[in-house]
Amino acid sequence: MSTATAPLGDPPAGDEAEPDIHTTAGKLADLHRRSDDAVHAGSAKAVERQHAKGKQTARERIDQLLDPGSFVELDALTRHRSTNFGMERNRPFGDGVVTGSGTIDGRPVCVFSQDATVFGGALGEVFGEKIVKVMDLATKIGCPMIGINDGGGARIQEGVVALGLYGEIFMRNVRSSGVIPQISLIMGPCAGGAVYSPAITDFIVMVDQTSHMFITGPDVIKTVTGEDVEMEELGGGRAHNSKSGVAHHLGSDEEDALSYVKELLSYLPSNNLSEPPVFEAPEPTAGSIADGLTDTDLELDTLIPDSPNQPYDMHEVITRVVDDGEFLEVQALFAPNILTGYGRVEGRSVGIVANQPTQFAGCLDIDASEKAARFVRTCDAFNIPVLTLVDVPGFLPGTEQEWNGIIRRGAKLIYAYCEATVPKVTVITRKGYGGAYDVMGSKHLGGDVNVAWPTAQIAVTGAQGAVSILYRKDLAGLEGDELAAKRAALQTDYEDTLCNPYIAADRGYIDGVIPPSHTRGYVGRALRMLATKREAAPARKHGNIPL
């Protein structure tokens, strides 16, 4: 079968509806009938209801995701074995999930797609066995595993057997983690235990208004806590993209969500022993950096405002460093004070972590730390170099941050950078203050190539805070204009003395100070040089990241 929505052949019609299975022609006709039943396992009314919600069927989604004609189905003719509650009278082929393999941009992938038109997409024994089988295949051949989720959770009629199969799926999610890319598309309900398989995968993509994830639904919450909450507010795509951080992209519709997955895969390798796809570099790589400067490179020389308190958009830096200005952002709606995503430099994939001065002045907080830590570890697992762009004034202060564990959770980012053995290149564009300077891919945490722009301010704290501490006695008793003038003079002196990149350069904490316009060329050469990097970690079962 080359497409998910087409049966193997035309089913027999009229007098031939019950073919003679004692002849070769009859056996073939019987196969075509069974294939047609499998493709149309859900009733026409159920399909119509699915379309009325703005949702595609399980098979339509597979056809839209994969290269045309590439899908090869597995287990199309399996059926459930349950006899509870009259289930033996309704045994559709496929048992509510479509599984198989195909290609995306010519590269092999495995896929399962839950069928909400059959038993509401609820997972039973055979349903679960099909998913387990295709997951095992993906790990065996070393290709990405894509799961399309649209189901009602465990099939109640099959009891604990369904729960057992969830456990089998979870085990394979964990065993495959860091071995093959695992991507979950949530394209309908995903509730209860069903949410934990996507939660273990590398990326979760949801669709606005039609995707929902939650452990307990609105009715249970109302009964137990008395809270009134709508399904969309509780576990909709926007909630999980902007509040919980569970999801990585919010598609405007199903087509957008599937398109994002295709683009995401273009930056990822098929498995942890292979390299991401390589494309032709859009600009010449030979010659000096100065000779290769473009107009967009030169624009970086005027990007940083003269005032250290004036924000600028870090996207403007990223799009001028990556090939063709193409940056695929990950978790764009969550913790916007830090940017994470993929681009290419000289045709090769690179993961980008960057402070965003337009949000909380680029401060690190709990959400930003966890977002960046997870992203760095994902890049490290799949051999993707990490480029860090730094403009960070520190960690966000406040009782909410402290009481909710900024120490423990901020430490995750330290752990991620220290643990990563892929090439790590860091560019400090402006502020690099206090412990946050250390955390953001510094030389001290294993950065391979670290450079700064001349606008960089690398210090324990900013001028205003430093002056208040260092010159407390000098400022005591002054007030009004006299206090303001004295403070301004002391701050200027501090900035001239300490808030620059040259003390760090003098110590070797950065490898150089470069003109902003040279960043693209410098990063490209650094990554080229680091392409053969090898770094061995001490023998151990695994580290103990502060979770």
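Glu283 is partly exposed, at a relative accessible area of 36% (buried means under 20%, exposed over 50% and partly exposed in between, with a 1.4 Å probe and protein chains only). The model is predicted, so local features need pLDDT of at least 70 and side-chain atom pairs count only at pLDDT 80 or more, while totals for chains, interfaces and linings use all residues. Residues are numbered from 1 along each chain as its sequence is written, and side-chain values use heavy atoms, with hydrogens and water left out.

Glu283 sits in the loop between helix H10 (254-265) and helix H11 (295-299); helices (H or I, at least four residues) and strands (E, at least two) are DSSP runs numbered from the N terminus. Together with Glu263, Asp324 and Glu326, Glu283 forms a negative surface patch. Patch members have over 30% relative accessible area and no salt bridge, with like charges joined within 9 Å and nonpolar side chains (Val, Leu, Ile, Met, Phe, Trp, Tyr) within 5 Å.

A nonpolar counterpart on the surface consists of Leu8, Leu28, Leu31 and Leu77, with about 340 Å² of accessible area together. Leu77 belongs to the loop between strand S1 (72-74) and strand S2 (97-104) and is partly exposed, with 41% relative accessibility.

Turning to strand S14 (residues 424-433), ten of its ten residues are buried. S14 runs parallel to strand S13 (residues 386-392), joined by six bridges (two strands pair if DSSP finds at least two bridges between them). Here Val392 stands opposite Gly432 of S14. S14 also pairs with strand S15 (residues 449-452), in the parallel sense over four bridges, and Asn450 in S15 is the bridge partner of Thr426.

Key:
Areas by Shrake-Rupley, 256 points an atom, 1.4 Å probe, with all protein chains shown as cover. Salt bridge = Lys/Arg side-chain N within 4 Å of Asp/Glu carboxyl O. Lys, Arg positive; Asp, Glu negative; His and termini not counted. Charge placed at Lys NZ, Arg CZ, Asp CG, Glu CD.
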